[in-house]
Amino acid sequence: MKNRYKLLVLLSLLLVPLVIFSRKQAQANLHHLNQFYNARMSPVIMLPGSSATENRFDQFVAKINRQSVEKHSLLKVKAWNNGKITYQGSIRNRDEQPFIVVGFENNHDGYRNILKQAALFEKVFADLQGKYSFNNFKGIGHSNGGLIYTAFLEKYFNQFPDVQIKKLMTIGTPYNFNEPSTKKQTQMLANFVNNRVNLPTSLIVYSVAGTKTYDSDGLVPEGSVTAGKYIYQKQVQQFTQITVTGEDAQHSDLPQNDEIISLVQRYIIDPPARFQRKGR
Amino acid sequence: MTALLVKYTLRLEQKPLAQIIKSSLQAIFPLILLGSFTQIFSAVVFAKEGFINTIFELTKWFPYCQQGQQVTDLLTNFTLGLVALLLAYFVAKNTLIVHQAEPGLAGVTAVLAYFVMTSGNNPSSLFNLRWYGVDKLWLGFLLGWLVGEIFLHLHLGKTADIQAFTALFASLLLALVLHFGIYLLQTFNVIDFDGQILWRYSFHAQFWTVLAYGFLAGLFSWLGLIGSFKTIVLSDSGQNLTYALTHKSYANLPSRFNEYTLYKTYGLIGGIGGVFALLVAIILIARTKKLYQVGLLTMLPTFFGGQLASIVGLPVLLNPIFVIPYLLTPVLNMLIGAGLISSGLLLPTVLPVSYGTPGLLLGFLGSGGDYKMLFAALVIFALDVAIYIPFVQAAEQVSGSENA
């Protein structure tokens, strides 16, 4: 009989470390939830295209800051192939809409690389969540950056169920690579279309095509950019296709294009007066 | 009162069906025990959302979480994942044994019939693994019993071989009919490909509906209809957490009585049906070796929510001795909890907890570490143990009389 009581006492003692450690965890969790729910930051996260680095948008951000009262910080992140993540720059204390540019060591072209970059972006995104606990954000992808975003949203974004992506703008993104006509679908486009149900339905998407000639921005055929409609239309909340022309409509000049900058200011950046905290 | 219970149970246990149930559960118990351990290790220790994993931050310093999970999942799939199938085997066999007949091919036929019944409709889904697991226990039992009855009563043919053949044929014919029945149910969207019921009855979470929900959960569990409970849903929009975080206080929460604040926090203090309280009661006073050993062995998985092993091993499943405390202790706990919340002594809990959090700690952690909740949980748990003690004594009387 005595052995039984000893046994029960022993088991009760085992309860003690469980209580101590779980309490610590519960309080840390509570703290994190508090931070997350009351977070004021809503960054604009930008992904450059192939062969570009995290410095791609320096001119873009400088132009925007020159034209607006609200000065946005610029934080540059680099995802290395070995899994390391390095940061350059910083976010000012009260800055609610910083620009965060994520570059990849492997910035090569091709569907397989895009998938690798999307997987790396997921790691970077988790890291950023850990640091800043933002509960919503906006995305801009230039060229292949838009493809990385599409792959990320379809494959990895469900791992962050409480974070909301409010808007996405893809600039000169070749959804069908170099194919000018959607009669011929690349493997990537077919996969994107097949998995479109995973895209968040509350998202608002702007797809911007540049045209230097009548049907291409010098690198990407317009038909490839507009193929994005097969992915986003009727799945996300709103899908708008925009074509810009004129100076700086050449593929790599698009991020500096004045029209595009004004589109970003109008549609992507939240105006300070109407900035909403996320509350359900 | 317990004397009446003992008498009634002893009478029931004379019936062949009761004996079939008992011996079949006993047969699959080792499998379920192993499966419960591996399942708990997978979901609570190795999985990154698991209770042990999160509180000890295992993913940060233990490099083999993924491999551990793969190994334990593999073992779970071929133990717990096959119980319905294997139960069919044992039930068919035991149906014959209980009537003092030769089991012969009955067990194997039941397995084959189960394959036929649950097969998908194209070559790639010949073996539909999702139908062989824990939530189809009742189906395995039903088919096993039917096949057993066929072998018991169908004696067409002059030689034993022909008789076995006709019984086999009849069983597979039955399986085909049932297969078609399943196909119809799937066509009319009553169940899905994995056999989950598609109808959902949703009730707004209120005091009475939560109590009823807790009661039904216990009832379905006692009947062995595990997993069928997803049909009934308590709707609650999770407003409590949002409210608490934005107002930075736990007072005046919008929804005081919902599945989380009442059922999970209080109803599950001893696990579903208070089964962990039963185990502690057994450790305290049981004299029969079987009860004590099974109780001890199943303590670990049950503590973290894997209580199938205890309800099959003791057994509690379909056992009239334990049905009263099994159904009533959660309800009693919830009533006490409601009283504590109404009187303002304790606040409703809002924080989400990891998978596999032990029942005793649910309230404590859900409130962010309030020691008053832990104290209340321990007191309520002690009460549940006290309630179970006379029933453990009754159970020992029953097995004592049986063995005499």
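Here are some worked exercises on a predicted model with chains A and B.

**Exercise 1. The interface**

Task: Describe how much area chain A and chain B bury between them, and which kinds of contact the interface holds.

Solution: 
- Start with the residues: 22 residues of chain A are in contact with 34 residues of chain B.
- Next comes the area. The size of an interface is often given as the accessible area lost when the parts come together. Here chain A and chain B bury about 2,400 Å² between them, and 72% of that is on carbon and sulfur atoms.
- Then sort the residues on the side of chain A that touches chain B: 13 are nonpolar, six polar and three charged.
- Finally, look for specific pairs. Four residue pairs are in polar contact across the interface, with both residues at pLDDT 80 or more, while the count of salt bridges between the two chains is zero.

**Exercise 2. The sheet of chain A**

Task: Work out the strand order of the open sheet in chain A, and say which strands stand at its edges.

Solution: 
- Trace the eight strands across the sheet, and you get β3-β2-β4-β1-β5-β6-β7-β8, with mixed pairing.
- Read off the two ends. β3 (85-89) and β8 (238-244) of chain A each have a single partner strand, so one side of each has no neighbour in the sheet.
- From one strand to the next, the twist averages 20 degrees.
- Now zoom in on one pair: β6 (residues 164-171) and β7 (residues 204-210) of chain A run parallel and are joined by five bridges. In this region A:M169 is found opposite A:Y206 of β7(A).
- α8 (residues 258-268) of chain A lies across β1 (44-47), β5 (136-142), β6, β7 and β8 of chain A, at about 170 degrees to β6(A).

**Exercise 3. Backbone checks in chain B**

Solution: 
- Recall the background: most residues other than glycine have a negative phi, and most peptide bonds are trans.
- B:P315 belongs to the loop between α16 (308-313) and α17 (320-342) of chain B.

Technical notes: Residues numbered from 1 in each chain as written. Chains lettered and ligands numbered in written order. Predicted model: local features only at pLDDT ≥ 70, side-chain atom pairs only at ≥ 80, totals over all residues. Heavy atoms only, no water. Contact = heavy atoms within 4.5 Å. Buried area = accessible area lost by both parts, 1.4 Å probe. Salt bridge = Lys/Arg side-chain N within 4 Å of Asp/Glu carboxyl O. Polar contact = N/O pair within 3.5 Å; in protein donor to acceptor, adjacent residues only side chain to side chain. Nonpolar A, V, L, I, M, F, W, Y, C, P; charged D, E, K, R; others polar. Pairing = 2+ DSSP bridges. Helix = DSSP H or I, 4+ residues; strand = E, 2+ residues; numbered from the N terminus. Axes fitted to C-alpha atoms, helices over the stretch in contact; angles between N-to-C directions.
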